[in-house]
Every structure is written in C-alpha cells, then in structure tokens.
Amino acid sequence: MIDTFLQQLINGLVLGSVYALVALGYTMVYGILGLINFAHGDVVMVGALTALSVCLGLAGVVPAPLALLAGAGAAMLVCTALGLTIERVAYRPLRHAPRLAPLITAIGVSILIQYSAALVWGKQYLSFPELLTPTSYALGGASITDVQLAIFLLACALMAGLLWFIKHTRLGTAMRATEQNAEVAGLMGVDANRVIAITFALGSALGAVAGLMVVMYYGIGHYFMGFMLGLKAFTAAVLGGIGNIPGAVLGGLLLGVIESMASGYIGDLTGGVFGSNYRDVFAFLVLVAVLIVRPSGLMGQPSGERA
Amino acid sequence: MKRLHPSLIAAALLLALQGCGKDEPPAAAKKAEAPPPPQEIVVKIGSASPLTGPQAHIGNDIRNGVQLAVEDINAKGLEIGGKKVKLELVAEDDEANPTKATTVAQKLVDAKVVGVVGHFNSGASIPASKIYSDAGVPQISPSSTNPKYTQQGFKTTFRVVANDDQQGPTLAKFALDKLKAKSIAVIDDSTAYGQGLADAFEAAAKAGGAKIVAREHTTDKDTDFKAILTKIKGKKPDLIMFGGIDPQAGPMVKQMSELGIKAKFMGGDGMQTPNFIKLAGTPAEGVMASIPGLPRDQMPGGKEFVEKFKKKFNADVELFAPMGYDAVFVFVDAMKRAGSTDPAKFLPEVGKTQMNGVIGPIAFDDKGDLKNGPITIYVVKGGIWEPLETVISGGDAKPAQAAATPAAAPAAAPDAKK
C-alpha cells in the first residue's frame, strides 16, 4: 500500500517537474507583458521534435549522451530563435494594443506553428530512438529509473538556476524592474525591448529542454503534443499564481502529483464510479477550488492595480 | 464558419451537377447504340478514415488500400451494365472524431459517392452510419469491430472484419487456455472500439473463471500511464489486457517495463502494427495481439498485395489496407451483378456477396457482419509480429453472448461443438 503511494508520488513529481519547466515559460512572459503566450506549448513541441530528429539522425553514429546533448543543443537553438521571432513579429507590434488582440494573435501563432510542424514532421506519431535503456532502482518498495531521476534533477537544477539568475544578475534585476513597471524601468535606462526579448528566449530555451525530456521519457512525439502539455503547464502556472516564478514551480509539481494520485486512487475512493480517466477533471477541479479561495493562485500576490 | 458555408454548398452543387451531367446523357445514349462508347461514367467511391492525428498512419493505410483498388480496377477497365465506368476516389479525413465523422459522412453523401469504405474507428462508423443509411449509400467498414455498428437495423452497414463479440472472447479464451491467466487487469482507451473490446474480453474472461483485479480507463490522447500502471502493479495481475490503439499501447508497454511489471500484455487489432513495436521498443517482445483476418502471408492474395502496396506507396501495410482494398471490390462486384452503379439498385447485391478477396472469402450475414471471420493471434518475436494461431470465430468462447449474435453462430457450429 505504502509502496504504491510512494510510486505514485515519484510518478507525479517527475511529471510535475516537466510541467513546471514549461510553466515557467508562461509565467515569465505573463509577469512582464501580462500576456498569456498560448504559443508556448507549441514552441515546446518544436523543441521536442527537433531534438527527436537530431537524435534519430545521430543514433548509432555517436555515443548516446552526445546525441542527447546535440539534440538538446539544437532544440534550444531552434526554440530560442522561434521564441524571439514570435515576439518580434507577432507580439511586439501589438504591445500597446488592447489586451484581446495579442491574446488572439497568440492563439493564431499556436495554430500556425502546429500546422507548420505538421508539414515538416508529418502528422503521425514519431518514435524517439532508444538511446538509453532505463535502469530501475528500488526505492523503498517503489522503483525509479535513472531517466526519471535525471529529468527530475535537471529540471530542478534549471529552475534553481533561473531563480538565481533573476535574483542576482543585472539582467535579472532589469527583468524584475520591467515586470514591476516597464515605463519607470525604461526611464532608469532599462531597454524594455531587450529585456522582453531575453525573457522569450529564456522561456523558449527552457521549453526546449522540457520538450526533449517529454519525447525521451515517453518515447513519442507528434505535431499537436504541445497543446495538452501547454494547457497543463498553463494550469500549473495559474495554480501557483501566474507571474510568480517560484509559484510556477510549485504549481507544476503539485499538478503532477495531483494527477498521479487522482488516477491512482480516484477509482477506489469513489467505488469505481469515476475511473482513472477522470484525472484531468480532478486536476481542474483542484484548480477551480484553489482559485475560489485564492484568486491569484497559491503564491501570487493580489495584483491590485498594475500601474 | 459562416464564410465557409456558401462555398461548401457551391462545391457540393458543382460536384452534384458534374455527376449528373456525366451520368445521365451517356447512359441514355448507350442504350440506343452500344458499340462506340463516347464517354465513360465516373463513379465516386468514398473513403473515410483519420488522415491526421495520432491514428493517421492507420487511416492513411486504409485510404491507400482503397486508392490501390480504385487504380487497379481502372487499369483493368470496368464495364457495368454495358457502360464503361471509371472509379474515382473521394478521400475524407474524419480525424477519428465522432462529430467530424458525421460532417464527413454528409460531405461524401453530398458528393454523390455510391459507396463508402470507412470509417476506421467504431466511434466514427456508428454515428456516420445513420447518415449513409438515410441516403441509401452502402458503407463497408474495413476495421470497425464494435458489435453495435451492424446492430442498428440499417440495411447499408457492412464490415469486412470480425467484430468484438468474436474478437474479445477469442482473446479471453486464449488468455485462459493458453496463457493460464488467473488474475487479469483490463485497461481501455474510453472509445467505442477500445471499451467495447475490453468489455467483451472482460465478460468472457469472467465467465471463464478468471479474476479481473483492476479495470482502468485512459483516453486515446494520453501518453502517461504510470499512475494507472502503478495501481495495477499493486494488484499483481499475471496478465494485462488493453483495448485501444498503438499510440497508447506502445508507451504503455514501455512504462510497464520501467515500473518493473512482469505481467504479460495483450490487446486487440488496434495495436497489432509495426508502429507499436517502434513505439514500445525492446519491451514489445512477447506482447500479444489479435487481429481479425488471416495472417497477411496466409491471405490468399496477401503476399502479392503487400508487394504491390510497398511498390506504390513505399510503405509497409500497417493494418487494414487489405480490407479497404477488398471493400472496393465488394462494391464493384455488387454493381456488376446488379448491372447498375446506382446504390439503390446494387445495395441488395452487396449483402449477397460471395467473393474471394485478398483477405479470403467474403460473405455477409443478415446484419452485414463478415461470416466466419477468422481471428489470428500474434506475438512480437525478434521485433516483428509473428502469427501464433488462427481461430475461426463464431462458436468457441461465445456461449456468454450467444444471444447477441445468433447469425454468425450456425455456420461455425460444427467447429464449436468440439
């Protein structure tokens, strides 16, 4: 019983760390622009498929870790370029437009990326080459594979790195300043355009890593994989308090664990009335409940009036 | 949406006009004086399957099978009722989506197709069948195995595969007799196909004395099954049965091995694809799946078909291309016997089909189900699906559901009594 619980917790944390990594992309952009970048999930998808293609090409040619590294590098490069392009072409011209305009543009960009990817990679499921054979380790009755462990640790390291970057570097300070008040930050010599571009680049690069993790972990990728992943990550960001970076991490991990626990126990708890296919319903129910009690999310400050 | 409508209607009208224009005059002219055929009539055959999305590889496989049949027939030249006929393929994408399936069905009907090969998913075939039935257009599904599809009382529904009332119990019997499974966990993908197959399996397995220790559901979009597999692991089954398609089955088997679950894994036709082995990787070894029909190399026309298919599309046959191919020949065969390309005239002939297709002998019972559809159980060995054994369905494991499908039973009765 307890080992099943522990296993569900591990499943949830690994899944949650991927959600958190993607959620950061949403939350950083929202914090600075007040824009929900719905295309972010699809940027992650592009990263995933780029990594998949590179690894597929290199599998067997070079050692597995090198292939993965090359895949990650290529994905980060492509995603950063894509993130910067989206910002420059789609969002910057609309920065002072009514809020609805960039939101709808974001949805448009999302669809554009999806179907462009469908042209490039085709519409079927692609399988990721078996570069690593996961080794399982026993952990108090539960098992964890080295791949899971690597995903979890890498995600945590990246998130810690990002937090440090924002707190302790000049650029991070500039980002926080822009977040608080773009105009005043501008008067103090912060180039808002540059800061926003860097935010998009960072979020996209993190998303690229998350994309690689997802295709490597599940072994498959396809052109619309970004949709559900993006939706979940967005949910995680809202759960933690959108705009708040530690909140996104907390929200992601929490959402992963909730989903995992829900599919593990919901059937038994409701006497089989709701099956494990209700896990998403359950996850969103938790979101609704949290938002009723804390409308700005778990760690979000009530925004008051954004000047 | 608003802007789409007029153009759609216009397109449909145009198609309809074109159809009429080509259809009627030569028909009249032909009867008067036979020898010089001035024009050939174009007869449209519809194909409906998911051409995009996770099941696109299987849907395209079917469409390619249909296309191959159309081209083969045209290359040979076809004459029906003394008129030269050219077949034309109208392929539509239903996205494996029940709602989209009805839209597509209406589109095909509006395009004046004389018959439809499709859909792939039971969940799509069933809602679409009402539209074909209302329009009097015969529908042959190459792959939908949910029993309900042909049990709605429509005269236009046919299928060239065994249904799940046959497949589910066959799998269950195999699990109990050959694998000696005592405790079984059942998972389905919450679709008409997956759940239907899993239900049929579960009922038959229970009737056979096995214990169902867990019944779990996922969706046909999911790729993360760790949570439900962990739960199942706690119940220690010796077999896991999955009702669903390969995009789920592949990762599921992979995640099973990561969690250290030692249970055997089996499923239905939706996962018996090369793609499944690619997705699951090495843990695919030893996985079993049933598929209605004979093994491809034992199909009378199987070997030749596989080669032809490979040459034309530079792709391996995934699953139901041979069934799609044969379905077109069933239509053409019925048209020949009726001497007409009018669905109203040749529909009764479809039910009387007695032909040998790529997949073997094709004949329908009074509901439109394939008579004596064979079912083959495969196992993954050395990275490919190898046939284990073929069961001619109809009897054996049926008693539990005999009432549901009386029609298939008599023919197979001698076998069943053994």
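Me: Which exposed residues does the face of α4(A) turned away from its buried side carry?
Reply: That face carries A:Leu100, A:Ile104 and A:Leu119, which are exposed. Please keep in mind that this is a predicted model.

Me: And which residues of α4(A) are buried?
Reply: The buried residues of α4(A) are A:Pro102, A:Thr105, A:Ala106, A:Val109, A:Ser110, A:Ile113 and A:Ala117. Viewed down the helix axis, they fall within an arc of 150 degrees, so they line one face of α4(A).

Me: Why would residues three or four places apart point the same way?
Reply: An α-helix has 3.6 residues a turn, so residues at that spacing point the same way.

Me: What covers the buried residues of α4(A)?
Reply: The cover includes α2 (40-58) and α3 (64-91) of chain A.

Me: How many residues does helix α4 of chain A have, and what follows it?
Reply: Helix α4 of chain A spans residues 100-121, which is 22 residues. From first C-alpha to last it reaches 32 Å, close to the 32 Å expected at 1.5 Å a residue. A:Gly122 follows α4(A), with a positive phi near 80 degrees.

Me: Changing topic: how many residues of chain B are in contact with chain A?
Reply: On the chain B side there are 30 residues, in contact with 25 residues of chain A. The elements of chain B that give two or more residues to this side are α2 (56-76), β8 (211-217), α7 (226-235), α8 (246-258) and α9 (274-280).

Me: Which of them gives the largest share?
Reply: The largest share of that side of chain B comes from α7(B), with six residues. By class, the side of chain B that touches chain A has eight nonpolar, 14 polar and eight charged residues.

Me: How is chain B itself divided into domains?
Reply: Domain 1 of chain B covers 4-162 + 298-362, and domain 2 covers 164-292 + 383-417. Within chain B, 16 residues of domain 1 are in contact with 20 residues of domain 2. On the domain 1 side, α2 and α4 (122-135) of chain B each supply at least two residues, and the largest share, three residues, comes from α4(B).

Me: Last point: what confidence does the predictor give?
Reply: The complex has an ipTM of 0.80 and a pTM of 0.76. Chain B has a mean pLDDT of 83, with 85% of its residues at 70 or more. Over residues 7-33 of chain B, however, pLDDT stays under 50, and over residues 394-418 of chain B it is also below 50.

Technical notes:
Residues are numbered from 1 along each chain as its sequence is written. Chains are lettered from A and ligands numbered from 1 in the order in which they are written. This is a predicted model: local features need pLDDT of at least 70, side-chain atom pairs count only at pLDDT 80 or more; totals for chains, interfaces and linings use all residues. Two residues are in contact if their C-beta atoms, placed from the backbone, lie within 7 Å. Helices (H or I, at least four residues) and strands (E, at least two) are DSSP runs, numbered from the N terminus. Ala, Val, Leu, Ile, Met, Phe, Trp, Tyr, Cys and Pro count as nonpolar, Asp, Glu, Lys and Arg as charged, and the others, Gly among them, as polar. Domain bounds come from an automatic or database domain assignment. pLDDT is the predictor's confidence in each residue, from 0 to 100. The expected span of a helix is 1.5 Å times one less than its number of residues. A residue is buried if 20 or more other C-beta atoms lie within 10 Å of its own, exposed if 12 or fewer, and partly exposed in between; C-beta atoms are placed from the backbone. The arc is that of the directions from the helix axis to the C-beta atoms.
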